[in-house]
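Open the model in your viewer and keep the selection tool ready. The stops below go from the whole chain to single residues.

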Amino acid sequence: MTQPVAQNSTIRNVLLAGILLMLAGDFLFALNDAMGKWLVASFSVGQVVLIRSIGAFFVLGPMIAHQGTAKLFRMERLELQLLRVVMTTLDTALFYAAVVYLPLADVMSFYMAGPIYVAALSHLLLGEKVGWRRWVAILLGFCGVVIMLKPSSAAFSLSSSFALAGSIAFAFAIILNRRLRGTSDTNLVTWQTIGTMVVGGVLTIGAWQTPSALDFGAMLLLGIVSCGAHLMITRALKLAPASTLAPLHYTLLLWAVVFGLVFFGDVPGPRILIGSGIVVLAGLFIFHRQKVVDTTVPPENVPKGVN
């Protein structure tokens, strides 16, 4: 009797750790987004992404030194790792391209589709069980997204298209995180940072503006904050199922509204508020059904040998 009780306690602690890490990571991502929107108003997307990526190595450098640089080049499932680098790079670049012209809350309203994609794809690509009730909630969530997006020729501007494509890349990156849960956090975040740095460098050609010391420091800090967020979320996805954690990304919308109002004076309209409310309710139901249906965590999610 003692062993099953201890195992259940460990599973609960693992799930709780994953949830808390996801919430903290999402807060840092929202802070990163607000800082990024401020910076891309004065500098090109490529320049912000490039210096941001360099800043991330203030966090990654000690981690790489600790594990050894040789381990960076011993990559299992190379094709999935390369695909993940592509997805995370697209996610980052497209997000910053969108917030150049759109309010934070509006861009996040597009990204709210990401967790809905994850809940659906986790069944098809990860084999995680998603029952009919959650499929109904997923469809309801899509209805909320449609209300927020207000599909029309005016709504689907180039900036909106960037946000929509970025949200799809974001969802696939989450799925790939789960597929690569045996890969070290250091490797995953280092290679995605290198990917964004290369793309940022290419986009900066012909668009470089010499920043002040304050702006340069802010771009470096952006990298430190985003790297911390990536590490937290990467670890969270190793500790709990994607379909459990995905709804927690809805907190990004809350922080986007708060930061948008405080720093940029952006007030979301009724359409955004109503649609996001529907999406959040659908996400919370998906989260509830996950807890009801799946009372255990697969053995690979228990932190034994997780690196």
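**Stop 1: the whole chain.** Note before selecting anything that this is a predicted model. Colour by secondary structure: the chain has 13 helices and zero strands. Of its 307 residues, 51% are buried. Among the contacts with a separation of 6 or more, 91% link residues 24 or more positions apart.

**Stop 2: helices 4 and 8.** Select residues 78–99, which form helix 4, and residues 158–179, which form helix 8. How far apart are the axes of helix 4 and helix 8? They lie 7 Å apart, and the helices pack at an angle of about 150°. An angle over 145 degrees counts as roughly antiparallel, and helix 4 and helix 8 are therefore roughly antiparallel to each other. Their crossing is left-handed. Now show the side chains at the contact: helix 4 contributes residues including L83, M87, L90 and L94, while those from helix 8 include F162, A169, F172 and L176. The contact residues of this pair comprise 15 nonpolar, four polar and three charged.

**Stop 3: helices 5 and 12.** Select residues 104–111 for helix 5 and residues 251–264 for helix 12. Here the axes come within 8 Å and cross at roughly 165°, which means that helix 5 is roughly antiparallel to helix 12. The crossing of helix 5 and helix 12 is right-handed. On the helix 5 side, the contact is made by L104, A105, M108 and S109; on the helix 12 side, its residues include L252, L253, A256 and F259. Sorted by class, the contact of helix 5 with helix 12 has nine nonpolar residues, two polar and no charged ones.

**Stop 4: M108 and the core.** Keep M108 selected. Which residues have the most contacts inside the largest nonpolar core? They are F95, Y96, V107, M108, M112 and L245, in a core of 62 residues. Display what surrounds M108: apart from neighbours within four places in sequence, M108 is in contact with D33, F95, L252, L253 and A256.

**Stop 5: G141.** Move to helix 7, residues 132–149, and pick out G141. Is G141 buried or exposed? Its relative accessible area is 0%, so G141 is buried. Setting aside neighbours within four places in sequence, G141 is in contact with I116, V279 and A282. Finish by selecting G141 together with V279: 138 residues separate the two in sequence, yet their C-alpha atoms are 4.5 Å apart in space.

Conventions:
Residues are numbered from 1 along each chain as its sequence is written. This is a predicted model: local features need pLDDT of at least 70, side-chain atom pairs count only at pLDDT 80 or more; totals for chains, interfaces and linings use all residues. Side-chain values use heavy atoms; hydrogens and water are left out. Axes are lines fitted to C-alpha atoms, for helices over the stretch in contact, and angles run from 0 to 180 degrees between N-to-C directions. Helices (H or I, at least four residues) and strands (E, at least two) are DSSP runs, numbered from the N terminus. Angles under 35 degrees count as roughly parallel, over 145 as roughly antiparallel, 65 to 115 as roughly perpendicular and the rest as oblique. A crossing is left-handed if the near helix is turned anticlockwise from the far one by less than a right angle, and right-handed if clockwise. Contact means heavy atoms within 4.5 Å. Ala, Val, Leu, Ile, Met, Phe, Trp, Tyr, Cys and Pro count as nonpolar, Asp, Glu, Lys and Arg as charged, and the others, Gly among them, as polar. A nonpolar core is a set of buried Ala, Val, Leu, Ile, Met, Phe, Trp, Tyr and Cys residues joined through side-chain atoms within 4.5 Å. Buried means under 20% relative accessible area, exposed over 50%, partly exposed in between (1.4 Å probe, protein chains only).
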